[in-house]
Amino acid sequence: MSAERFHLAAPRHIAIIMDGNGRWAQQRFLPRAVGHHAGVKAVRDIVEYCAAEPTCDVLSLFAFSSENWNRPKIEVSILMRLFLTTLESEIDKLHNNNICLRFIGDRTAFDLALQQKMTEGEQKTKNNTALTLVIAANYGGRWDMTQACQHLAERVEAGELKSSDVNEAILNQHLCLADLPEPDLFIRTGGEQRVSNFMLWQLAYTELYFTPILWPDFNQSALQEAITSFKGRQRRFGHTGDQIAALATP
Ligand code: IPE
Ligand code: IPE
Ligand code: MG
């Protein structure tokens, strides 16, 4: 076994459920939309930190789940508008900061202008190397596994693959983040302790961190605290603690 896997000094991939925008606004007797706008500021702060941190290669942010369509129509439309205006104002800045932007999720449900902006952002930034910023939009872990299974079934139907060839590695190749490392650290703000259909497959061995801080209040020092907690943990991947300790001693 490779020692590196167990003794990562810092997380290479951080995945965050940015929760608590609505409550942040409600605590201030403001409309929920104000909380979503305040949440964009927190996104900038966290992206800036991760881009400057050489050990962090990937930051994944859950922006809109496949279940969030169930919200009141007005909130959904505010979120869609915010998504578009944020992309309009941020794509160039991301590009100038050498950040590669990627989206995961079923984008066909979005209106055409938004889909075009998403593609434009991905095209423009595709060769950037400081950080890969993954935005999960109309994303669900179950959707991801379902679309992967559909693609595999198509390949079996086409005779490219036998059903007995299907294994974890091949299924993984058809998932959204196949080419990126799995998340090392998962953070959920807002106090809820659940994964709400985020990266169900990829989180299998991710370290989980929950904080009551509402997303608009989450900042670089709060992220540092989460990273410090991560660094203090022992990842075992099914081995015993003694096996891992033996790997640490040269
Ligand atoms: C997260 O904040 C943002 C989205 C889901 C789009 P919420 O809007 O869920 O905020 P709370 O959980 O209601 O406070
Ligand atoms: C998860 O938050 C989705 C995003 C942050 C985009 P929710 O607020 O939608 O999750 P639940 O409904 O509390 O589980
Ligand atoms: Mg919420």
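Predicted model: local features only at pLDDT ≥ 70, side-chain atom pairs only at ≥ 80, totals over all residues.
How far is the sulfur of Cys100 from the closest cysteine sulfur, and in which residue does that closest sulfur lie? The distance is 13 Å, the partner being Cys56, and this is too far for a bond.

Residues are numbered from 1 along each chain as its sequence is written, and side-chain values use heavy atoms, with hydrogens and water left out.

Let me stay with the cysteines. Taking a disulfide as a pair of cysteine sulfur atoms within 2.5 Å, the count comes to 0 disulfides. Cys56 is in none, and its nearest cysteine sulfur, that of Cys50, is 4.0 Å away. Cys56 is buried, at a relative accessible area of 2%, where buried means under 20% with a 1.4 Å probe and protein chains only. Cys100 also counts as buried, at 9% relative accessibility.

Now to the sheet, for which strands are DSSP runs of E, at least two residues, numbered from the N terminus, and two of them pair if DSSP finds at least two bridges between them. The open sheet has 6 strands in the order E3-E4-E2-E1-E5-E6, with parallel pairing. Its edge strands, E3 (99–104) and E6 (207–210), each pair on one side only. Within this sheet, E1 (residues 13–17) and E2 (residues 58–65) pair in the parallel sense over 5 bridges, and Ala15 stands opposite Ser60 in E2.

Technical notes: Chains lettered and ligands numbered in written order. Helix = DSSP H or I, 4+ residues; strand = E, 2+ residues; numbered from the N terminus. Buried < 20%, exposed > 50% of the residue type's maximum accessible area, 1.4 Å probe, protein only.
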